[in-house]
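Please open the structure in a viewer and keep the selection tool at hand. The tour goes stop by stop, saying what to select and what is there.

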Amino acid sequence: MSCSSKETHTVVVELDLVVHRRRVVAEGVVELTLRRQDGAALPSWEAGAHIDLVLGPDLVRQYSLCGDPADRCSWRIAVLREHGSRGGSAAVHGELAEGSQVGVRGPRNHFRFEPSRRYVLIAGGIGITPIMAMAAAADDRGADWSLTYGGRTRASMAYASDLRDRYGARVDLRPQDEFGLLDLDSLLGEPAGDTLVYCCGPEPLLEAVEKRCAGWPRGALHVERFSPKEFDAQASDHPFEVVLARSGRTVMVSSGQSILSAVREAGVQVLSSCEEGTCGTCETTVLAGEVDHRDSLLSEEERAAGETMMVCVSRAACAKLTLDL
Amino acid sequence: MMPTLDDDPFDDAILTDPYEFQTRLREAGPVVHLPKLGVYAMGRYDEVRAALTDWESFVSSRGVGLSDFAKKKPWRPPSLLLENDPPSHTGFRAVMNDVISPRTMRTLRAQFAKDADELAEELVRRRRFDAVTDLAEVYPLKVFPDAVGLRPDGRENLLPYGALAFNAFGPDNAHARRAFAAAEPVLEWIAESCRREALSGTGFGASIWAAADRGEITPEQAPVLVRSLLTAGVDTTVYGIGNTMYAIGTHADQWADLRDNPGRAKFAFDEALRFESPVQTFFRTAPADVEIAGTIVPAGSKVLLFLGSANRDWRRWGEDAGTFRIDRDAGGHVAFGMGVHQCVGQPVARLEAEMVLSALARRVARVELDGDPVPKLNNSLKGWASIPVRVTPA
Ligand code: FES
């Protein structure tokens, strides 16, 4: 792997990368290898990192890097085709052929692989992508590690046989149609000292793992919520109507648009700051209707009560919402 | 070639009126070298915002002032929030998000409103008052320490402590030296006040200690988190409310708008934060070479982010970026920062300002300056020591 260039993190500027190779690695999963046009070095990354693919003006999706960090000339991601997706995965599957160009930002790492002597790695479905890089890192570090990898069927599990070939008995493949749900009780039943647990996969798996790890030392469990927002968003990103009770107006919120922007377009002032559901500035009283909450602030009880919502990210779970605006 | 500016942005002329310099900074380029300080600076909205949200390329753990913690021991144990990075930052931030959550904010509203009404009542009765020393310094210093659960005696230490912390982010100039010279008794009182025993059984302080009881943080970390509230929660809102009063006092038509619609007080405050940002600057450190719009800022550099300048960048706010207009959509300004370090006390500051401004708007027909405002200089904060005003009751 010889490509020379000074090591830099790139911010602000988007990289223009080319799809160097595209191959199907499991049922519904394509792997893309991305490179710079001139083959020069890419920014460095570590296990757990992801990149943003800029697939359209309002379509940015995150994918974990799953290749080898030592390969400085190319990045590898694997993307699952989501049924009913009108967003990221459809764009990747439908439009990114070998030779296509794509805007990329990153890499970033919100799922750092911290040093430890022992690791329990758990992956569900396409959640294998960051975990695969972690398995390689754990192996490099000479740590004691195991990987339990679940999926619907063997054919749907990307890289399953590669992993098994490379690491042998450390890797336990558990397709659901053969083995049922992962046996998390025996895997996580006893808290183990000196051990970090990393898990990535669908929400029910993460929740089950979090429950099992409640008795583990604080900081032992690390999970990555693998784009649940993206998937749910795709599923329920339907257009709806918002009645602004105080201004006496009604606005349509189209799919892919936020309530905040629709209300602003109608000329009604709304306070906002982060616009990603983390600061609480745009909290708005809900007078009628069901909310699809997508913020990171409200408690379960508050969500259920549905009296208030963050209009920068949350949407309607019904055809018509009435807000105190 | 990277553009260079020969100014020291911490000299008194620029601290007093930063806007002419900030215009030159923005127009010079997306990133500019400041050889006097040996740092790089950014003043345009897009780059400042991108740098704030990119905590990996622009770390905070080496200090958010000029001094690089990797080279020089910090003057106090580093903040677990402000001067920290993920992953270590994440858990502490989660604790604080729980302490200051939408739920806790709801419980504070009634008390904040009552205190605001009482103060507004009294100020309107007086007709002439100082919008800083009688209002902006009085209201936050009442409601915020109460919300934290601080004991009543010694609260006069809070303003000097905030001034010290914010001056300390700048170079070792007269402002920093003056602040440090008077620091000792203040620091002692602050340390003392963060202890569990010194805090009331309810309030932000007690909630932080409760997190220690649950094992989410250690008992050694709890007072450091309480300290963060005291560093960041007082001066910032004092300056913010003062700056709003200044903006309104110098834009008569804007008060008329507010008087007719006291419900718009929150927008007035948000626009004032954009127009004259209390926290003007923060530093970050680039741990590796970083490319910004085609130029490389070398590894180990300190990068000075001009929040106040980003908030007046015409590229983001349009040709009237330098105008105070409360009907503006100021959402997305970076006065509270952005990304993982965005001000955790933001909802408290907003609630304070909303309550006190709307209490005045309901009682006051007109606000006019009643003498020359006196600026208050600080290495990181922009605001006023005195704003004499005269009000006409509604
Ligand atoms: S703007 Fe921050 S939560 Fe909506």
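The stops below cover the boundary between the chains, a pair of helices and some backbone details. Keep in mind that this is a predicted model.

**Stop 1: the interface**

Colour chain A and chain B separately, then select the residues in contact. On the chain A side there are 31 of them, and they touch 40 residues of chain B. The size of an interface is often given as the accessible area lost when the parts come together. Here the area buried between chain A and chain B is about 2800 Å², with 49% of it from carbon and sulfur atoms.

Next, look for polar pairs across the boundary: 13 residue pairs are in polar contact between chain A and chain B. On the chain A side, select β1 (9–10), β7 (101–109) and β17 (308–310), each of which supplies at least two residues to the side that touches chain B. The largest share comes from β7(A), with three residues. By type, the residues on this side of chain A are 11 nonpolar, 11 polar and nine charged.

**Stop 2: salt bridges between the chains**

Side chains of opposite charge can pair when their charged atoms come close. How many salt bridges are there between chain A and chain B? The count is six, while the count over all chains is 56.

Select E302(A) and R103(B): they form a salt bridge whose closest N and O atoms are 2.4 Å apart. Then select D329(B) and R264(A), whose side chains form a salt bridge at 3.2 Å, N to O. D329(B) is in the loop between α17 (314–317) and α18 (346–361) of chain B, and R264(A) is in helix α8 (residues 259–265) of chain A.

**Stop 3: two helices in chain B**

Select residues 235–249 of chain B, helix α13, together with residues 265–275, helix α15. These helices pack at an angle of about 95°, and their axes are 9 Å apart. The angle is why α13(B) counts as roughly perpendicular to α15(B).

Show the side chains where they meet: G240(B), I241(B), T244(B), A247(B) and I248(B) from α13(B) face A268(B), F269(B), A272(B), L273(B) and F275(B) from α15(B). This contact has eight nonpolar residues, two polar and no charged.

**Stop 4: backbone details**

Most residues other than glycine have a negative phi, and most peptide bonds are trans. Select P86(B) and P87(B), which are joined by a cis peptide bond with omega about 0°. P87(B) is in the loop between α3 (45–53) and α4 (88–99) of chain B.

Finish at Y159(A), where phi is positive, near 65°. Y159(A) lies in the loop between β9 (144–151) and α3 (160–167) of chain A.

Definitions and conventions. Residues numbered from 1 in each chain as written. Chains lettered and ligands numbered in written order. Predicted model: local features only at pLDDT ≥ 70, side-chain atom pairs only at ≥ 80, totals over all residues. Heavy atoms only, no water. Contact = heavy atoms within 4.5 Å. Buried area = accessible area lost by both parts, 1.4 Å probe. Salt bridge = Lys/Arg side-chain N within 4 Å of Asp/Glu carboxyl O. Polar contact = N/O pair within 3.5 Å; in protein donor to acceptor, adjacent residues only side chain to side chain. Helix = DSSP H or I, 4+ residues; strand = E, 2+ residues; numbered from the N terminus. Nonpolar A, V, L, I, M, F, W, Y, C, P; charged D, E, K, R; others polar. Axes fitted to C-alpha atoms, helices over the stretch in contact; angles between N-to-C directions. Parallel < 35°, antiparallel > 145°, perpendicular 65-115°, else oblique.
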